[in-house]
Amino acid sequence: MVRPSARRATAVAALLALCAAGCSGPATPPPATPTPTGEVSATAPPAGPSPVPAARAGLGGRPSPSARPCAVFPADNVWHADVSRLPVHPRSAAMIGAIGGGAAVHADFGSGRWEGAPIGIPVTVVPAGQRRVPVTFGYADESDPGPYPVPPDAAVEGGPDGTGDRHVIVWDRAACRAYELFDAHRSGAGWRAGSGAVFDLRSNRLRRTGWTSADAAGLSILAGLVRYDEVAAGRIDHAIRVTVQRTRTGWTWPATHSASSATDPALPQLGQRLRLKRSVDLSGLPRQARIVAEAMQRYGLIVADHGSAWFLSGAPDPRWDNDALHALGGLRGSDFEVVDAARLMVSAGSGATG
């Protein structure tokens, strides 16, 4: 689903028109047909996760000592897959050119504020027993129904008065679930949003075929965010969410949703896996930037939504060194390649890798 954003180059009206073309579809769409590269060109509905009773803190919050650890998806999930040795996609050069070979990488997260709001997509950590509230959706037919454990003061991307994507990400570590909203606004005792998704973080199950999430690709946003605690520990162990300006119709596993009607084979699809080339020398990068770049070489990037090309998603944190993160701007699109991740797929409905 294409969504409006203050940082995106495409006009809001055009985005909404594109969403209408790429998200709606017929009431009974044709079956989805995976290709040998894991690409899908049509949509069809099956069954997806249902919300489970849930559970509050901030991104640095800690679960209770007795709680089971809550990783963001199992170790064998596609987000955690090492793609450093996967083959290059046969259309890699064309797709990189379409995204922007000369465009600079941009860390769309950091410390402090930009235009009055924290920089990045914030995550609100809630405790066990967090009160669940009603949520209504504009795209109710592709959203997991409420109630959701979203507190009234949950952090909103862009701030309370933001006019962009207004994502709200709630991480319930006790229940090990993520509740993710797009275009979220307070409404009475609860919230209203464009779309919403619930992810069981101990499961590899993907969303229903053809369904969006709070992201155009139908994927979890939390899973692809760069978080300060990971960089402080010295290692990011997952792929990173990235936006591009245009995609081709259909999607590539593990995505489940398309937000485009374009058919140009040079364009990437949502879900496409990109990788920073092994030949790129990272030794001159400051520590924070180097750890992010190392993750892009090992785990890569996943095209998750439309927006400015090569914008990397992360959570805001006062401990980020913005100057260090800006060093990632020395990387260009031509430093990346598209990988063929089809061999990782065990099942089209699962994020597990083989």
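Predicted model: local features only at pLDDT ≥ 70, side-chain atom pairs only at ≥ 80, totals over all residues.
Mentor: A strand is a DSSP run of type E with at least two residues, a helix is a run of type H or I with at least four, and both are numbered from the N terminus. The protein chain has five helices and 17 strands.

Trainee: Where is tryptophan 310 found?

Mentor: Tryptophan 310 is found in the loop between strand 15 (301-306) and strand 16 (311-313).

Trainee: Why does tryptophan 310 count as buried?

Mentor: The relative accessibility of tryptophan 310 is 0%.

Trainee: What share of the protein chain do buried residues make up?

Mentor: They make up 57% of the 354 residues.

Trainee: Which residues touch the most other members of the largest nonpolar core?

Mentor: That core has 75 residues, and those touching the most other members are Leu201, Val292, Met296, Leu301, Trp310, Leu312 and Leu328. Helix 4 (residues 287-298) gives the most to this core, with six residues. Apart from this core lies another of 16 residues, among them Val135, Phe137, Tyr148 and Tyr179. In soluble globular proteins, nonpolar side chains tend to be buried together.

Trainee: With which residues is leucine 201 in contact, leaving aside its neighbours within four places in sequence?

Mentor: Its contacts include Cys70, Ala71, Val72, Phe73, Pro74, Trp171 and Leu222.

Trainee: How do you know that the reach of helix 4 is close to the expected value?

Mentor: Helix 4 has 12 residues and reaches 16 Å from its first C-alpha to its last. The expected span is 1.5 Å times one less than the number of residues, which comes to 16 Å for helix 4, and the two values are close. Just after helix 4, glycine 300 takes a positive phi of about 80°.

Trainee: Why are arginine 290 and glutamate 294 called a salt bridge?

Mentor: Their closest N and O atoms are 3.5 Å apart. The definition asks for a side-chain nitrogen of Lys or Arg within 4 Å of a carboxyl oxygen of Asp or Glu, so the pair qualifies. Both residues lie in helix 4, four residues apart, about one turn of the helix.

Trainee: Are arginine 290 and glutamate 294 buried, exposed or partly exposed?

Mentor: Arginine 290 has 27% relative accessibility, and glutamate 294 has a relative accessible area of 34%. Buried means under 20% and exposed over 50%, so arginine 290 is partly exposed, and so is glutamate 294.

Trainee: What makes arginine 241 and aspartate 215 a salt bridge?

Mentor: Their closest N and O atoms are 2.7 Å apart, and the cut-off is within 4 Å, so the pair counts as a salt bridge. Arginine 241 lies in strand 12 (residues 240-244) and aspartate 215 in the loop between strand 11 and helix 3, so the pair ties together parts that are 26 residues apart in sequence. Asp215, Arg241 and Asp305 are linked in a network of salt bridges.

Trainee: How do you know that arginine 241 is buried, and how do you know it for aspartate 215?

Mentor: Arginine 241 has 3% relative accessibility and aspartate 215 has 1%. The definition requires under 20%, so arginine 241 is buried, and aspartate 215 is buried too.

Trainee: Why does threonine 124 count as buried?

Mentor: At 5% relative accessibility, threonine 124 falls within the rule of under 20%, so it is buried. Threonine 124 has its place in strand 5 (residues 123-126). A polar atom of its side chain lies 3.0 Å from the backbone nitrogen of alanine 155.

Notes
Residues numbered from 1 in each chain as written. Heavy atoms only, no water. Core = buried A, V, L, I, M, F, W, Y, C linked by side-chain atoms within 4.5 Å. Buried < 20%, exposed > 50% of the residue type's maximum accessible area, 1.4 Å probe, protein only. Contact = heavy atoms within 4.5 Å. Polar contact = N/O pair within 3.5 Å; in protein donor to acceptor, adjacent residues only side chain to side chain.
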